[in-house]
Each structure stands twice: as C-alpha cells, then as structure tokens.
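Grab a pencil and work through these exercises with the structure open beside you. Try each task yourself before reading its solution.

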Amino acid sequence: MTLTIPRLRAKAARGRRRRPLTLVLATAFLVLVAAMGLLAPVLAPHSPDETSLLNALAPPGTEGHWLGTDSTGRDVLSRVMHGARLSLLAPLGVVLLSLVLGTAIGLLAARAGGWVDAVLSRGMDIVFAFPSLLLVILSVAVFGPGLTAPICVLAIAYTPFIGRVVRSVAIQEGARPYLESYRVMGFGELRVTLRHLLPNVLPVIIAQSALSFGYALVDLASLSYLGLGVRPPDADWGSMISQAQSAILQGSPWSGLMPGIAVLLTVVCVNLLGEHLGGSISGKRSEET
Amino acid sequence: MLQKKEAETARRDALDISGLSLAVSRSGTDVPLLAGVSVRVARGETVGLVGESGSGKSLTSRSALGMLPRGARTTGGVTVSGVDVLGADRRTLRELRRTRVSMIFQDPRASINPVRRVGDYLTEGLRARGVSSREAAERAPDLLDQVGIRDPRGALRRFPHEFSGGMLQRVMIAGALSTEPELLLADEPTTALDVTTQAEVVGLLKTMQEAHGTGMLFVTHDLDLAAAICDRIYVMYAGRIVEEATGASLFRSPAHPYTRALLEASPSVHGEKAVVKAIRGRPLALAEAPSGCSFRDRCPLAEESCAEGVPPYRAHGASTVACLRPEEVAP
C-alpha cells in the first residue's frame with residue numbers, strides 16, 4: 001500500500017501537467033492583469049492623470065507611450081494598468097458578497113426544505129427575473145454615483161446564480177449516505193451541513209463564482225461607460241471607453257480600443273477558467289459513479 | 001410476571017424494543033411499517049436481525065437511534081441502556097448517539113465524507129464526546145492499529161478513496177467503537193464486501209465487540225452468516241418478528257415455515273447437492289400483507305385458520321415462534 005500511493009500521486013501530477021494550452025494562457029493572462037493592477041504605481045511609465053496636450057491622441061508605438069495617449073494626452077498604458085485595479089476589485093467584491101449570500105441561501109433552502117425552500121427559491125427566481133444592469137442603474141438613481149451601492153446591488157442580483165446551483169447540488173449531495181453516518185455520530189444538522197456538506201459543494205460554488213465574475217466585470221464596465229459608476233479622475237476600463245468616444249470620431253480609436261480589449265480578454269479568460277473548473281468537477285462526478 | 005422480569009432486565013439491556021409499531025401517513029392514508037416488534041440485546045450479546053429487503057429490519061435498527069421516517073407515529077417502547085428513545089428530545093438523542101450507540105453501515109465508501117481525511121473521521125467522533133483534540137489525535141493511531149490497519153499514522157493522513165472497501169470498513173469499525181458504545185448497530189456491514197474480506201471483517205467485528213463488551217444488533221439478510229456469529233436471531237417478515245431462537249437451533253430446527261424456506265433457499269457447499277428451493281411469491285411489506293399470518297399467501301402449510309388473526313407467539317423447541325402449527329415444520 002505504501003508503494004502504490006506515491007505512484008498514484010505521480011500519475012495525478014502528470015495528469016495535471018497535461019492541461020489544455022488555452023487554460024494555461026487564460027490563467028497566465030489573468031495573473032498578468034492582476035499583477036499589473038497591483039503593481040501599477042510601480043510599473044506604470046506615467047501617472048494616469050498626467051496630461052500633455054501636445055502629445056494628445058498619439059498612436060500606439062509612440063516612444064514613451066507604448067499604447068498611445070488619449071484626447072488629453074494621458075498615457076493609455078498607465079491608465080489601463082491603474083484601471084485594472086477598480087475593474088477587477090469591484091467585480092471581486094460582487095462575487096465574494098454574492099458567494100456568501102448565495103451559499104447561505106442555497107444551503108438553507110436545500111437542508112430545510114418545505115416552505116422555507118419554497119419561499120427562498122421563489123425569492124431567488126424573482127431577483128433572477130430582473131436584468132442586473134437595470135437594478136444597478138436604479139441603485140445609482142437612489143443612492144447616487146459611486147461604486148459601493150452598485151457592488152451591493154449587483155451582489156444581490158447575482159445571488160440567485162450561485163444560490164440556485166448550490167441548492168440543487170446540496171439536495172443531490174444531501175441524499176448521499178455519508179451525511180447520515182455523521183448524524184448517527186450525534187452531530188446536529190448545522191455542523192453536518194457546514195463541515196461535511198459544504199466542502200463537497202464547494203467546487204461548484206467556485207466554478208459558478210468564476211463565471212459570475214465575468215458577468216459582473218461587464219456589468220460594472222457598462223455602468224462606468226454610462227457615466228454612473230466610477231467618478232473621474234478615477235479610471236476604470238468602462239469609463240476609459242466612455243471618455244474615448246469623441247476620440248473615435250476624430251479618427252483615433254486607440255484610447256478606447258485598449259481598455260475594450262482588456263475587458264474582452266479578461267472576461268474570456270475568466271469564463272474559460274470557470275468552465276474548466278465546472279467541467280472538471282462534472283468529469284470527476286461521472287468517474288466516481 | 002413476564003412483564004416484571006422484563007422491567008428488571010431493561011436497565012441492564014443495551015437495547016430493548018418492546019411491542020414497537022410504526023406507521024407513516026402517505027397522502028392521507030396510514031401505511032403501517034412495523035407491528036409489535038420486540039427485540040432485546042443484552043450487553044456483550046450479539047443478536048441477529050434477519051429478513052428480506054423491505055421486511056423492516058433496517059427501520060427497526062434505526063429506531064434505536066431515534067431515526068424514524070418523517071411523520072412516523074409509533075406505539076410501544078424503545079429503550080437504549082435505560083434511555084427512552086421515542087420520548088427523548090433532540091438533545092438527549094444527540095447525546096445518546098454520541099456516547100451510547102454507534103452504527104456501521106452497509107457501504108463504507110458511501111458512508112465517509114470523501115473530501116475529509118481518515119484521521120478527521122476518527123477524531124471527530126472522539127472530540128464530539130468531549131475528548132481534547134490532542135488526546136484524540138494521540139488515540140487515533142491506536143484505534144486503527146486495533147482493527148489491523150498497517151502504518152496507522154500514515155493511514156490517518158490519507159483520504160477514503162485511497163483505501164479498499166474492506167480497509168474502509170475497518171476504519172468505520174474503529175470509529176464506531178472509539179466512543180466505547182454500549183450498543184453497536186451493524187446494518188448489513190459486509191454486504192458490499194467480497195466474501196474473503198467479509199470473513200475478516202466479521203471476525204474483527206466479533207473480536208472487537210467481545211473485547212469492548214458491546215451489545216451488537218447485526219442486521220443482515222444472510223441467515224447462514226447470522227447463525228454463525230449470533231447468540232440469538234430474530235427473523236423478520238413483513239414488519240413482524242416471526243421467530244426468535246438461538247443461532248445454532250435456528251439453523252438446525254427452524255420453527256417457522258418462513259425460516260425454513262429461507263434456509264432451503266440458500267445453497268450449501270456441504271453434503272449432497274440439493275435443489276435450491278425458491279419461495280413462491282415475492283416479499284411483502286406490512287401494508288400489503290394479508291390479514292392473519294402475513295406469510296400465509298406464500299406458506300406451503302397455510303390453512304383457513306391462518307387467516308384468523310395474527311398468530312400469537314408460542315414456545316416451540318428452542319424457539320419462540322409466531323405460527324399456529326410449528327410442529328408441522330419439518331426440520
């Protein structure tokens with residue numbers, strides 16, 4: 001037995017190395033973007049707010065401004081790097097909040113059943129029925145601009161994404177006999193659910209969270225694009241695209257294109273990662289049975 | 001007279017189920033599942049509960065933990081080492097499950113949380129009982145050593161999927177006995193294992209149970225296995241106990257036609273080749289059983305009198321049997 005187990009581990013490690021190239025690229029890109037955002041103050045060649053009207057609307061490749069400048073001569077690369085912070089942090093906040101809410105509601109609905117389940121599930125359906133962007137715009141109308149209210153409202157809007165999946169997986173897992181064996185050991189429902197059911201539902205939660213991160217990023221970028229999210233001079237990718245509109249009409253689309261590409265690539269990479277996580281989980285399940 | 005004696009022994013018994021009837025209501029109508037089941041397990045005694053699927057044997061063993069189906073209504077009594085289980089509140093029940101009763105399940109692989117290490121499984125039961133985490137960690141390797149797992153310290157760090165079914169069942173046994181329970185419920189503990197592993201696990205279970213002085217209720221559909229290891233055996237059919245006898249005598253001289261039919265239905269490797277006799281009809285649940293003796297539809301000896309009320313228990317040879325004419329059941 002002691003001999004076979006290292007061999008099994010080695011096999012698992014080899015399997016891990018054979019991951020698809022797209023996944024490796026996606027992960028690498030996300031790490032790069034996150035590092036860029038984190039280290040923006042150190043790495044960025046210019047201050048994001050430093051204007052230079054003489055240098056306005058420089059095309060990419062200009063010396064000192066690798067991605068060009070915008071209509072007031074601010075360095076696009078530096079702004080994209082600084083913008084990554086808000087553009088990534090805000091959706092992260094949304095995901096974390098909705099993850100906690102959704103997991104709690106999903107588990108409660110699955111374990112309690114009966115009318116509790118009915119009320120919670122219908123509640124989630126109702127929230128699910130509203131377009132998230134509409135709710136966010138409504139929140140800005142009520143609470144004024146800024147990111148706090150949109151983050152909280154988006155978190156609520158995304159709760160059903162996670163809650164419904166958690167509920168269905170928890171019901172499925174809850175029927176498995178191992179939970180009964182811990183109940184027989186004299187543990188209460190809460191402990192059995194949190195210590196034994198939750199870890200088995202966790203992979204699904206993580207996969208689902210990765211997907212909603214992508215949606216949240218796009219929603220928040222749209223909000224900033226509409227001028228309702230980040231307030232200038234702070235920059236995120238959405239507001240950069242918005243401010244670049246006039247430049248596009250003047251024939252230099254660069255300053256809007258770069259943050260747009262950043263949004264696009266980040267969302268694609270996050271979705272790839274999320275789908276892989278979700279897929280590998282369902283693959284594991286089918287191997288088991 | 002008899003009741004007085006029972007009351008005296010109740011304090012000593014690990015498990016005392018007396019006249020337990022259980023019904024659930026499904027869409028407005030009552031569906032009876034158990035009727036007048038009485039099972040007694042003394043400390044240190046091994047008692048078999050044998051019956052086909054759906055006869056209510058698992059339900060009976062679970063009633064000792066207070067784990068009844070939703071909306072179940074019961075009459076009769078279930079007492080585990082002096083504690084009234086049916087009347088107990090949640091706290092008492094949990095306390096009972098933590099300290100006095102343990103259960104071993106049919107499929108060990110399905111009964112241990114797959115994402116937690118074996119060590120977590122073992123220490124969790126101990127810690128729930130109030131043992132400090134350090135002490136629990138110290139005792140865990142000994143527990144595994146006792147059930148014959150090599151390299152217990154290494155085993156504690158492994159996950160359930162790295163073990164074979166037999167090894168995992170040993171882990172479950174170690175966990176179940178770690179709290180020194182007074183009653184061990186073994187619900188078909190060897191059904192999911194292959195035959196050689198089955199023998200090892202049963203042997204281990206028996207040794208451990210004797211060493212700890214635990215009373216064991218061994219639920220199985222395998223009459224031969226039960227006869228081999230049990231001091232006494234109850235045979236269940238359609239939610240009722242139809243015969244009670246010591247292990248050896250049940251095997252030699254069954255007193256109920258059902259017991260006899262069960263014995264004839266299992267092939268034997270010894271002696272002359274005999275045709276295995278199937279029992280005609282299919283096993284019934286209590287709700288669909290005929291009036292009178294539940295077995296009369298399938299019984300070769302059935303007469304009209306069998307339909308008149310449930311046969312009372314009577315002594316016949318070494319057995320207590322619910323049959324009107326046990327003397328006609330040829331050994």
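Before you start, here is how elements get their names: helices (H or I, at least four residues) and strands (E, at least two) are DSSP runs, numbered from the N terminus. Also keep in mind that this is a predicted model.

**Exercise 1. Find out how many helices and strands chain A has, and what pattern they follow.**

Step 1: Count the elements. Chain A has 12 helices and zero strands.
Step 2: Read along the sequence, and you get α-α-α-α-α-α-α-α-α-α-α-α.
Step 3: Check burial. Chain A has 289 residues, and 42% of them count as buried.
Step 4: Look at the contacts in chain A with a separation of 6 or more: 69% of these come from residues 24 or more positions apart.

**Exercise 2. Work out the strand order of the open four-stranded sheet in chain B.**

Step 1: Walk across the sheet. The order is β2-β1-β4-β5 in chain B, and the pairing is antiparallel.
Step 2: Pick out the edges. They are β2 (29-41) and β5 (83-84) of chain B, each pairing on one side only.
Step 3: Zoom in on one pair. Strand β1 (residues 15-26) and strand β4 (residues 72-80) of chain B are joined over eight bridges in the antiparallel sense.
Step 4: Find an example of two facing residues. I17(B) sits opposite V78(B), which belongs to β4(B).
As a reminder, strands of a sheet pair through backbone hydrogen bonds, either parallel or antiparallel.

**Exercise 3. Decide: is V47(B) buried or exposed?**

Step 1: Locate the residue. V47(B) is in strand β3 (residues 46-50) of chain B.
Step 2: Count neighbours. V47(B) has 23 C-beta neighbours inside 10 Å, and the cut-off for buried is 20 or more. So V47(B) counts as buried.
Step 3: List its contacts, leaving aside neighbours within four places in sequence. Among them are V41(B), M216(B), F218(B), C230(B) and Y234(B).
Step 4: Take C230(B) from that list. C230(B) is 183 residues away from V47(B) along the chain, yet their C-alpha atoms are separated by 5.3 Å.

**Exercise 4. Find what helix α5 of chain B packs against.**

Step 1: See how covered the helix is. α5 (residues 118-128) of chain B has 11 residues, eight of them buried.
Step 2: Name some of those buried residues: they include V118(B), Y121(B), L122(B) and L126(B).
Step 3: Find their partners. The buried residues of α5(B) pack against α6 (133-146), α7 (152-156) and α8 (165-177) of chain B.
Step 4: Look just past the helix. α5(B) is followed by G130(B), which has a positive phi, near 100 degrees.

**Exercise 5. Describe how the two domains of chain B meet.**

Step 1: Domain 1 of chain B is 2-237 and domain 2 is 247-331.
Step 2: Compare centres. The C-alpha centres of these two domains lie 28 Å apart.
Step 3: Count contacts. In chain B, 21 residues of domain 1 touch 16 residues of domain 2.
Step 4: Ask who contributes on the domain 1 side. The elements giving two or more residues are β2, α10 (223-229) and β9 (232-237) of chain B, and β2(B) gives the largest share, five residues.
Step 5: Sort that side by class. You find 12 nonpolar, five polar and four charged residues.

Definitions and conventions
Residues numbered from 1 in each chain as written. Chains lettered and ligands numbered in written order. Predicted model: local features only at pLDDT ≥ 70, side-chain atom pairs only at ≥ 80, totals over all residues. Pairing = 2+ DSSP bridges. Buried ≥ 20, exposed ≤ 12 C-beta atoms within 10 Å, placed from the backbone. Contact = placed C-beta atoms within 7 Å. Domains from an automatic or database assignment. Nonpolar A, V, L, I, M, F, W, Y, C, P; charged D, E, K, R; others polar.
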